[in-house]
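Hi,

Here is the structure I promised to pass on. Have a look first, and my notes follow below.

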Protein chains: 2
Amino acid sequence: MNYSKNFYQIKSNEEIFEALKEEVDIIGYYNLPLQDTTSIKEYARTIDKKYIAIIGIGGSTLGTIAIYNFLKKANSYDKFLIFFESTDPMDIKARLNKIKLEDTHFIVISKSGTTIETISIFKYLSSLITINKTNCTIVSEQRSKLTQFADKNDIQTFDIPINVGGRFSVFSAVGLLPLAIIGVDIDNLLAGAKEIRSSFFNKQEHYEPTMQKARFLVENKNRFNINILFSYSTALEGFNKWYIQLWGESLGKININGTRQGLTPIGLIGPVDQHSFLQLIMQGTRDKTVTFIKIDDFKEEIIIPSGTLNGFDELSYVENLSFSYLIDAQANATIKAVQNQKNIPCDVISIEKVDEYNIAKLMYNYMLLTSIVGKFVQINTYDQPGVEDGKIILKEQLQS
Amino acid sequence: MNYSKNFYQIKSNEEIFEALKEEVDIIGYYNLPLQDTTSIKEYARTIDKKYIAIIGIGGSTLGTIAIYNFLKKANSYDKFLIFFESTDPMDIKARLNKIKLEDTHFIVISKSGTTIETISIFKYLSSLITINKTNCTIVSEQRSKLTQFADKNDIQTFDIPINVGGRFSVFSAVGLLPLAIIGVDIDNLLAGAKEIRSSFFNKQEHYEPTMQKARFLVENKNRFNINILFSYSTALEGFNKWYIQLWGESLGKININGTRQGLTPIGLIGPVDQHSFLQLIMQGTRDKTVTFIKIDDFKEEIIIPSGTLNGFDELSYVENLSFSYLIDAQANATIKAVQNQKNIPCDVISIEKVDEYNIAKLMYNYMLLTSIVGKFVQINTYDQPGVEDGKIILKEQLQS
């Protein structure tokens with residue numbers, strides 16, 4: 001008797017774990033938390049411009065935006081990050097209006113070194129002000145055209161390792177350099193990422209929840225093909241967008257059996273989206289999982305006063321509450337309402353503090369989760385072959 | 001012989017059209033384009049503060065944000081709209097830092113008059129500065145607590161008609177008042193909406209495409225349950241968010257046969273999301289339709305110069321192009337790449353100009369499309385019963 005098969009089968013957790021361990025020195029992001037940050041910090045201290053303009057798109061900016069967006073309201077940085085990502089001319093003009101060119105340091109970030117949006121914007125900006133080593137840094141792969149340009153012009157460069165993909169690169173110089181320049185504690189960032197890394201690979205606290213969540217999502221992927229992050233703070237809007245890229249671009253793939261895979265990521269912000277998408281979660285088709293993210297300590301205490309505005313007696317129960325108490329109660333009420341429904345798989349992540357350590361833990365944990373799901377569904381988590389078609393068509397159009 | 005049935009059946013286009021015509025004077029939003037705007041414009045001219053702070057959430061803000069976001073980069077308004085929507089204390093503080101309280105006019109918008117976020121923030125702000133008729137306007141239903149408060153304090157009010165739901169209210173005072181104050185041509189807005197209204201109900205140009213699109217989405221709703229808007233301008237980010245509320249909250253319902261309905265809205269921005277979600281569209285599960293939105297005339301001409309930055313010869317084909325040409329070529333290339341795939345239903349909307357008329361056409365058309373789909377799937381498009389559970393739980397928690 002002979003037996004062969006080509007159908008898809010979910011491997012055991014132990015097999016997946018072993019497969020991840022095998023690639024830990026091959027897929028570059030795993031070891032980024034272990035790097036020495038001295039050279040980044042030393043260089044960052046030399047930048048004294050007020051505006052830090054990052055020219056990049058996708059994986060070159062989303063992680064940095066996520067961390068900056070999370071930290072900036074709770075900290076008073078005296079430098080500003082401005083992101084030039086889009087080729088939309090109105091957008092470019094609007095962002096230019098936010099900076100003073102002479103007081104701006106430009107960081108050009110592109111892994112390939114030939115990203116069309118990045119180079120086009122860089123070309124344009126360099127027609128407005130002279131670009132040289134005094135106001136520019138390049139972050140790219142070691143042999144890229146961008147690095148060659150920097151070397152020729154004596155401009156400082158930082159490497160993106162070849163085995164670190166854009167959407168997994170936030171803990172490389174891509175994220176660390178601009179964040180260090182404005183005063184973010186990048187060692188505390190890496191400490192958070194390292195904590196998750198060590199906990200997972202040593203099968204401690206974070207191993208089981210992460211592995212089980214991945215397994216649940218994979219086992220139920222055809223039933224629940226939409227994965228919502230419902231984050232209760234506008235400071236997590238950037239994180240949501242980073243998650244959408246990470247999840248969508250990593251997992252939307254054709255697997256080794258030729259089957260289309262892909263879980264659809266959605267990012268919501270509470271309480272605002274209670275007045276928008278929540279109705280669809282509660283009464284719509286049961287094809288969604290929901291992960292709530294709450295912040296335990298907002299670093300801001302604002303009290304809703306009593307005695308102001310008469311005539312709203314039915315809402316008197318909000319008086320003397322802090323807004324951080326109120327938003328937490330709103331999150332808990334929504335969580336309970338969702339949990340009371342049938343067939344809405346739901347989990348809750350609490351972030352203890354608004355600091356580097358905690359956002360890095362969250363992000364590294366999501367990168368691990370993505371890697372695990374990718375292994376389960378037997379895809380290459382780290383490439384993005386589907387976006388090439390459009391690039392080729394564009395190039396043909398523009399060259400003709 | 002007797003025959004009865006309780007299964008779902010899609011009605012004919014003609015039946016749906018008749019049903020819509022029957023409700024044209026009942027569902028309030030249909031006739032908003034016909035209103036007289038004199039009183040709004042006259043009052044708007046009396047407001048001379050620089051900062052216009054809108055306190056509201058969901059349907060009270062999303063439409064205004066969509067229009068403001070669309071127009072503001074192409075116009076130089078000398079007043080600023082700031083939206084206080086969230087109970088996130090860091091967010092409230094950050095927005096307060098953007099205004100000067102003495103130079104701020106407050107517009108408090110809540111249909112019910114007792115929205116917990118709105119009243120809590122209003123209470124807090126009123127402890128920072130005296131609120132009276134010189135710096136405050138109320139937009140609410142005629143008999144709400146908020147209107148009563150305004151009447152007692154001699155504060156000007158504008159009505160939200162009872163039969164106009166929040167997410168359909170942008171062409172009522174909810175949107176028109178703040179937009180008129182900063183200098184938006186609200187008559188041109190209404191003219192755009194009126195154009196679509198008349199074209200549709202007279203079965204002219206916009207009737208067939210809108211009806212056919214709705215029918216396609218409904219006939220294929222179980223196969224393509226995710227509807228993506230891929231908008232090629234950051235000026236359409238607000239519109240995307242407005243669409244997500246409109247689509248999700250209107251259509252995520254249990255229908256007359258007790259079946260869960262709901263099409264999942266997703267908003268993307270090009271070219272940035274070519275580097276994010278596009279991979280999932282191209283190679284992921286075939287459960288998505290994609291509507292591309294392009295802007296024909298960006299009102300900004302920026303040219304990518306030649307001769308700056310040497311060493312990027314392989315990208316020399318971008319030199320001397322304008323960014324508006326480039327972003328249009330990027331949109332076209334992505335559209336073609338998507339169309340070359342099998343089983344990704346795809347359509348394209350072009351916006352001629354960045355002005356009031358065109359954004360209103362787009363928005364009114366989407367409201368009509370939502371109404372038609374709602375009729376097809378036999379739901380109440382205009383309520384949101386699913387969000388009540390969480391409100392009740394919250395109230396119980398806070399009162400105890």
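**The axis and the interface**

Of chain B's residues, B:Ile266 comes closest to the rotation axis, at 3.8 Å (C-alpha). A rotation of 180° with 0.0 Å of shift along that axis puts chain B onto chain A, RMSD 0.0 Å (least-squares superposition on the C-alpha atoms of residues with pLDDT of at least 70 in both copies; pLDDT is the predictor's confidence in each residue, from 0 to 100). That is the relation of a two-fold axis.

Before you go further: this is a predicted model, where local features need pLDDT of at least 70 and side-chain atom pairs count only at pLDDT 80 or more, while totals for chains, interfaces and linings use all residues. Residues are numbered from 1 along each chain as its sequence is written, and chains are lettered from A and ligands numbered from 1 in the order in which they are written. The complex gets an ipTM of 0.96 and a pTM of 0.97 from the predictor.

The contact takes 97 residues from chain B and 96 residues from chain A (contact: C-beta atoms, placed from the backbone, within 7 Å). On the chain B side, H12(B) gives the largest share, twelve residues (helices, H or I, have at least four residues and strands, E, at least two; both are DSSP runs numbered from the N terminus).

Helix H3 (residues 62-71) of chain A is mostly covered, with ten of its ten residues buried (20 or more other C-beta atoms within 10 Å of the residue's own, all placed from the backbone). Those residues pack against elements of chain A including strand E1 (51-55) and helix H13 (356-376).

Cheers

Conventions
Buried ≥ 20, exposed ≤ 12 C-beta atoms within 10 Å, placed from the backbone. Contact = placed C-beta atoms within 7 Å.
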